[in-house]
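This report describes the architecture of a protein chain and the side-chain packing within it. Please consult the sequence and structure below while reading.

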Amino acid sequence: MVHSLADLFPQKYHWVLGKLVIESLETSDGARCVDIFQRADLSYGFEIYRRDPEALIGWFPVGNFANKRFPSEAAARESALKYAPWIA
């Protein structure tokens, strides 16, 4: 039985903090990123991150979007587009 995309394509996706990241969309300058993900309960979500190049310690979430739940990947992506229009 298939419960998530990881069951179908385990090598294509990766897990971050209990969420299956379907896609990471980064700006051309590498300063911002949006992760579209699926949770274990099969709901979807997104988070927007920023990176400070001078800090060199990774990505920081901004906007606190990770707790919003969507019934589909398309719905999560549509909502993310409102806050990060550069992913279009």
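F46 counts as buried, because its relative accessibility is 0%; buried means under 20% relative accessible area, exposed over 50%, and partly exposed in between, with a 1.4 Å probe and protein chains only. The model is a predicted one, in which local features need pLDDT of at least 70 and side-chain atom pairs count only at pLDDT 80 or more, whereas totals for chains, interfaces and linings use all residues. Residues are numbered from 1 along each chain as its sequence is written, and side-chain values use heavy atoms, with hydrogens and water left out.

**Aromatic packing**

Rings of Phe, Tyr and Trp (its six-membered ring) pair if their centres lie within 6.5 Å; planes under 30 degrees apart count as stacked, over 60 as edge-to-face and the rest as tilted. This rule gives 4 aromatic pairs. F46 and F65 form a stacked pair, with 5.0 Å from centre to centre and 25° between the planes. F46 lies in strand β4 and F65 in the loop between β5 (59–62) and α2 (73–83), so this pair ties together parts that are 19 residues apart in sequence. Both F46 and F65 are buried. F46 also forms a stacked pair with Y83, at 6.4 Å centre to centre and 25° between the planes. Because F46 lies in strand β4 and Y83 in helix α2, the pair ties together parts that are 37 residues apart in sequence. Y83 is partly exposed, at 44% relative accessibility. One aromatic cluster is formed by F46, F65, F70 and Y83.

**Secondary structure and strand pairing**

The chain has 2 helices and 5 strands, and its elements run α-β-β-β-β-β-α from the N terminus on. Helices (H or I, at least four residues) and strands (E, at least two) are DSSP runs, numbered from the N terminus. Two strands pair if DSSP finds at least two bridges between them.

| Strand pair | Sense | Bridges | Residues between the strands | Residue with positive phi |
|---|---|---|---|---|
| β2 (residues 19–26) and β3 | antiparallel | 7 bridges | 5 residues | G30, about 75° |
| β3 and β4 (residues 44–51) | antiparallel | 7 bridges | 4 residues | L42, near 75° |

Both rows describe hairpins. S24 stands opposite D35 in β3, and V34 has I48 in β4 as its bridge partner. Strand β3 (residues 32–39) is largely enclosed by the rest of the structure, because 7 of its 8 residues are buried.

**Polar and charged side chains**

Q38 is found in strand β3 and is buried, with a relative accessible area of 4%. The side chains of Q38 and Y44 are joined by a polar contact of 3.1 Å. A polar contact is a pair of N or O atoms within 3.5 Å; within protein, one must be able to donate a hydrogen and the other to accept it, and residues adjacent in sequence count only if both atoms are side-chain atoms. K19 lies over the face of F37, at 5.5 Å from the ring centre; the rule requires NZ of Lys or CZ of Arg within 6 Å of the ring centre and within 35 degrees of the ring normal.

**Chain totals**

Of the 88 residues of the chain, 36% count as buried. The accessible surface comes to about 5700 Å², of which 57% belongs to carbon and sulfur atoms, by the Shrake-Rupley method with a 1.4 Å probe.
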